[in-house]
Amino acid sequence: MLEADNLECVRGERRLFAGLGFRLEAGELLYLQGKNGAGKTSLLRMLIGLLPPEAGEIRWRGKSIRTLADEFRADLCYLGHLNAIKEELTPLENLLAAARLADEALSEDEALDALEQVGLAGREDLACKYLSQGQKRRVALARLVKEKRPLWILDEPFVALDVAAVDWLAGIISGHLQRGGLAVMTTHQLVNIPAGKVRELRIA
Amino acid sequence: MLKIVTAVIGRDLKLAMRRQADIVSALFFFIIVVSLFPLGVGPEPDLLRKLAPGVLWVAALLATMLSLPRLFADDHRDGTLEQLALAPHPLGLVVTGKVIAHWLVSGLPLALIAPVLGIQFDLSADALLVLTGAILLGTPALSGIGAIGAALTLGLRGGGVLLSLLVLPLYIPVLIFGAGAVDATVTGLGGEGHLSLLAALTFASLGFAPWASAAALKIALE
C-alpha cells in the first residue's frame with residue numbers, strides 16, 4: 001500500500017539519509033527509530049507530502065503521492081509535534097472545526113463521545129487555553145478515536161501522556177491496524193501495540 | 001469547494017470574536033490617525049477637503065497592515081496550518097477563505113466607520129458615499145495582496161517590517177484609484193471610472209493572490 005523508494009533527504013548542507021526505502025501493507029505498523037536529528041520527522045514530512053524528497057519516490061496504492069495529491073490526502077491522517085488546536089476554542093469546537101476543515105463527517109455526539117474517551121468529559125466547554133499540556137495533547141488525540149482514514153502518520157504520539165493514556169492510545173492504534181489500517185510513527189518510548197504486524201526502521 | 005471556504009471563514013470569524021481586542025485596536029488606530037489630521041491642520045475646510053481622500057486611504061492601508069502579520073502566523077505556530085495544507089482540497093481555497101475572513105474583520109469595519117470620519121473633513125454627502133464605496137471595493141484587494149506578503153514573510157524574524165516594505169508598494173494602485181475616486185467626486189468629475197478600476201483590482205487580486213500565497217505557504221511549511 002505505502003511504498004518508499006530510494007529516498008534521500010538533505011537539510012541545509014547536511015545529508016540526513018539516502019537510499020532509504022520500505023514497504024508497508026494493510027494492518028502493519030512501522031516504528032521509525034533513530035537518534036535526535038537523524039531525520040525521523042523529516043521522513044514523516046516527506047511521507048505526508050509537505051517536504052519533497054531530494055531523490056526517490058513515495059507511492060500510495062501504487063501511484064506517486066505527488067500525482068495523487070488531494071486523493072492521497074483524503075486517505076491520510078497526520079498528527080505532528082504541534083497539537084493543531086486553537087487556544088481560544090473549546091475542545092468540542094476544536095474537534096468539530098478540524099473535522100470540517102479536513103472534510104470529514106463528524107457529528108456533535110461523536111465528538112462528545114471521543115472527548116469522553118480521552119478523559120475530557122466535563123471539560124468540553126472550557127477554552128483550551130485553560131487546559132494542561134497533557135490535556136491539550138488529549139484533545140489532539142481525540143481526533144483519532146473516530147478516524148476512518150487508512151493511513152495514520154504520527155510524530156511522537158506518546159509525548160506528554162500519562163501511563164493510562166499511553167495504554168489507551170496503544171489500544172486505539174491496535175484497533176486501527178485490526179481494521180486494516182496502516183500506521184507510521186516515531187517514538188522514543190517503545191510501547192507494546194498488541195495487534196497488527198510491527199516493523200522497525202532505524203535511521204542511522 | 002464552497003464548503004471548505006465557508007468552513008475556514010466560519011472558524012476564523014469565531015476566533016476573531018474570541019479575540020476582539022485585535023479588531024478593535026486596528027479600528028481605533030484608523031480612527032485616531034484620521035482624526036489627528038483635522039486637529040493638526042486646523043479649521044480650514046478647503047484644505048481639509050483636499051486632504052481627506054489621501055489621509056483616509058493612507059490610514060486604511062496602515063490599519064490593514066496592522067493585522068496582516070497574524071494572518072497565518074497563529075495557524076503556523078500551533079500547527080493548524082499544517083493540517084490545513086493536508087486537507088484534501090487545494091490550499092488556495094483555504095487561503096481564499098482566510099482572505100475573506102480577514103476582510104470581514106479588518107476591511108469592512110473601516111468602510112463602515114469611514115463616512116463618520118469623513119465628516120471631520122467637511123466632505124459632502126456625495127463624496128462620503130463614494131468614499132464608503134471606494135473603501136468597500138478596495139479593501140478586499142488590500143487583504144488579498146497582504147496575504148501574499150504575510151505568506152512570504154511567515155516564520156521570519158522581524159517579519160513585520162519586511163512585510164510592510166513588501167506590501168505597501170503593492171498597495172499604491174489601490175491608494176491612487178481609491179483616493180482618486182473621492183477626489184474626482186469632490187471636484188465634480190464623477191468617480192465611476194476610478195471605482196470600476198478599483199473593482200477590477202479587487203477581482204484580479206482575489207483571483208490571483210490566494211494561489212500565490214498558497215505557493216509561498218508550501219515553501220514555508222517545508
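# Exercises on a predicted two-chain model

Of the 204 residues of chain A, 40% count as buried (20 or more other C-beta atoms within 10 Å of a residue's own, C-beta atoms being placed from the backbone; exposed means 12 or fewer, partly exposed in between). This is a predicted model: local features need pLDDT of at least 70, side-chain atom pairs count only at pLDDT 80 or more, and totals for chains, interfaces and linings use all residues. Residues are numbered from 1 along each chain as its sequence is written, with chains lettered from A and ligands numbered from 1 in the order in which they are written.

## Exercise 1

Describe the overall build of chain A.

Step 1. Take the elements. Chain A has seven helices and nine strands (DSSP runs numbered from the N terminus: H or I of at least four residues for helices, E of at least two for strands).

Step 2. Take the extents. The C-alpha trace of chain A spans about 50 × 35 × 30 Å along its principal axes.

Step 3. Check the contacts (C-beta atoms, placed from the backbone, within 7 Å). Among those in chain A with a separation of 6 or more, 67% come from residues 24 or more positions apart.

## Exercise 2

Work out the order and pairing of the five-stranded open sheet in chain A.

Step 1. Read the order. It is β6-β7-β8-β3-β9 (chain A), with parallel pairing. Strands pair if DSSP finds at least two bridges between them.

Step 2. Find the edges. β6 and β9 (197-202) of chain A each pair on one side only. From one strand to the next, the twist averages 15 degrees.

Step 3. Zoom in on one pair. β7 (residues 151-155) and β8 (residues 182-186) of chain A share five bridges in the parallel sense. W152(A) has A183(A) in β8(A) as its bridge partner.

Step 4. α1 (residues 40-47) of chain A lies across β3 (28-33), β7 and β8 of chain A, at about 150 degrees to β8(A). Axes are lines fitted to C-alpha atoms, for helices over the stretch in contact; angles run from 0 to 180 degrees between N-to-C directions.

## Exercise 3

Trace the antiparallel pairing around β4(A).

Step 1. Start with β1 (residues 2-11) of chain A. Five bridges join β1 to β4 (residues 55-60) of chain A, running antiparallel. E8(A) stands opposite A55(A).

Step 2. Move on to β5 (residues 63-64) of chain A. Two bridges join β4(A) to β5, again antiparallel. Here R59(A) faces S64(A).

Step 3. Two residues lie between β4(A) and β5(A), and R61(A) in the turn has a positive phi of about 50 degrees.

## Exercise 4

Characterise the side of chain A that touches chain B.

Step 1. Count. 21 residues of chain A are in contact with 20 residues of chain B.

Step 2. Assign elements. α3 (70-73), β6 (76-79) and α4 (91-101) of chain A each supply at least two residues. The largest share, four residues, comes from α4(A).

Step 3. Sort by class. This side of chain A has 13 nonpolar, two polar and six charged residues. Ala, Val, Leu, Ile, Met, Phe, Trp, Tyr, Cys and Pro count as nonpolar, Asp, Glu, Lys and Arg as charged, and the others, Gly among them, as polar.

Technical notes. Contact = placed C-beta atoms within 7 Å.
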